[in-house]
Amino acid sequence: MADAEDAVQETYLRWHASDRHRVLDPRAFLMTTTTRICLDMLTSARARREEYVGPWLPEPVLDTAALAPDSRTELAEDLSIALLLILDQMSPLERAAFLLHDVFDFSFSEVATTLDRSETACRKLATRARAHVRALRPRGAATPTPRPGEIYAKHAQLMSAFAAATQSGDLNALTQLLASDVRIVTDGGGRVRAALDVIEGADRAARFLIEVSRKRPGAWWRQEFRTRFANVNGLPGIIVDAPDGPVQTAAFEIEDDVIRALYIVRNPDKLRHLVPARHESGPE
């Protein structure tokens with residue numbers, strides 16, 4: 001998120017330093033400038049990623065509707081963790097071609113100018129990126145999400161049952177709530193304790209969650225913590241607030257009334273932008 005803000009600021013500075021009377025298409029100028037700045041930044045970002053401790057997850061975004069660049073396409077409103085992880089697996093040029101054409105509705109002629117590539121090359125880049133999305137995107141990712149701050153009652157019920165089973169150490173009840181191929185991804189960034197590998201499979205995941213709860217008895221539910229429901233990157237989730245601010249987010253990928261994936265962000269650097277709740281309450 002900080003990199004994105006830096007890219008926008010740098011674009012703003014270049015816009016004001018340019019001779020705007022000679023700019024024929026401001027939209028194209030701004031998008032081309034922003035894209036090229038982002039491509040440059042990705043080089044250093046990938047180097048930093050190679051040194052990252054444990055699994056990497058995108059920063060939690062709560063108000064996805066406010067960030068949607070365009071309502072004309074489904075992807076424009078999709079800031080789900082699943083899609084962001086897929087984008088992260090693409091090459092920088094694939095990602096740029098896909099976002100510019102499929103999300104921002106640029107023609108391939110405009111994409112070619114922006115990326116300084118031929119139209120044919122840009123079509124191939126976008127096609128490969130689209131294939132990644134179709135192959136890896138969860139089947140339930142296209143389901144509409146409630147308005148910001150709201151969450152479906154059935155999802156809230158499932159997450160409450162999950163919290164109760166984890167807290168009580170009921171292995172059987174917890175396993176029943178998880179898909180057989182469930183994945184748990186925890187991002188501590190080396191700053192706080194977190195699993196260094198992805199946990200896969202219902203039995204391993206359930207045992208891991210209960211073991212963590214026993215090591216930190218009542219960690220999510222101690223009196224000094226408050227929990228609240230929220231949409232986290234377009235997924236139903238729980239935010240854990242300490243007296244001095246959020247300490248953890250958990251986003252649940254739910255399909256057919258079971259949890260298919262759980263994305264937990266504990267890296268404090270990725271939680272600083274979240275505003276603590278004052279009166280909300282989460283699962284009992």
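What covers the buried residues of helix H7? I found that the cover includes helix H4 (81–89), helix H5 (92–103) and helix H6 (108–115). Contact here means heavy atoms within 4.5 Å. Helices (H or I, at least four residues) and strands (E, at least two) are DSSP runs, numbered from the N terminus.

Before going on, I noted that this is a predicted model, in which local features need pLDDT of at least 70, side-chain atom pairs count only at pLDDT 80 or more, and totals for chains, interfaces and linings use all residues. Residues are numbered from 1 along each chain as its sequence is written, and side-chain values use heavy atoms, with hydrogens and water left out.

**Helix H7**

I looked up the buried residues of H7 and got Cys122, Leu125, Ala126, Ala129 and Val133. They cover an arc of only 90 degrees around the axis, which puts them on the same side of H7. The arc is that of the directions from the helix axis to the C-beta atoms. On the other side of H7, I listed Thr120, Lys124, Arg134 and Ala135 as exposed. Buried is under 20% relative accessible area, exposed is over 50%, and partly exposed lies in between (1.4 Å probe, protein chains only). An α-helix has 3.6 residues a turn, so residues three or four places apart point the same way.

I also checked the length: the 18 residues of H7 (residues 119–136) should span 26 Å at 1.5 Å a residue, and the end C-alpha atoms are 26 Å apart, which agrees. The expected span is 1.5 Å times one less than the number of residues.

**The sheet**

I read the strand order as S2-S1-S6-S5-S4-S3, an open sheet of six strands with mixed pairing. Strand S2 (199–200) and strand S3 (226–232) are the edge strands, each pairing on one side only. Two strands pair if DSSP finds at least two bridges between them.

Strand S1 (residues 178–187) runs antiparallel to S2, with two bridges; the partner of Ile184 in S2 is Ile199. S1 runs parallel to S6, with six bridges, and there Arg183 is partnered by Ala261 of S6. Strand S5 (residues 245–255) is antiparallel to S6, with seven bridges. In the hairpin of S5 and S6, two residues lie between the strands, and Asp256 takes a positive phi near 55 degrees.

Why is strand S6 (residues 258–265) largely enclosed by the rest of the structure? Seven of its eight residues are buried.
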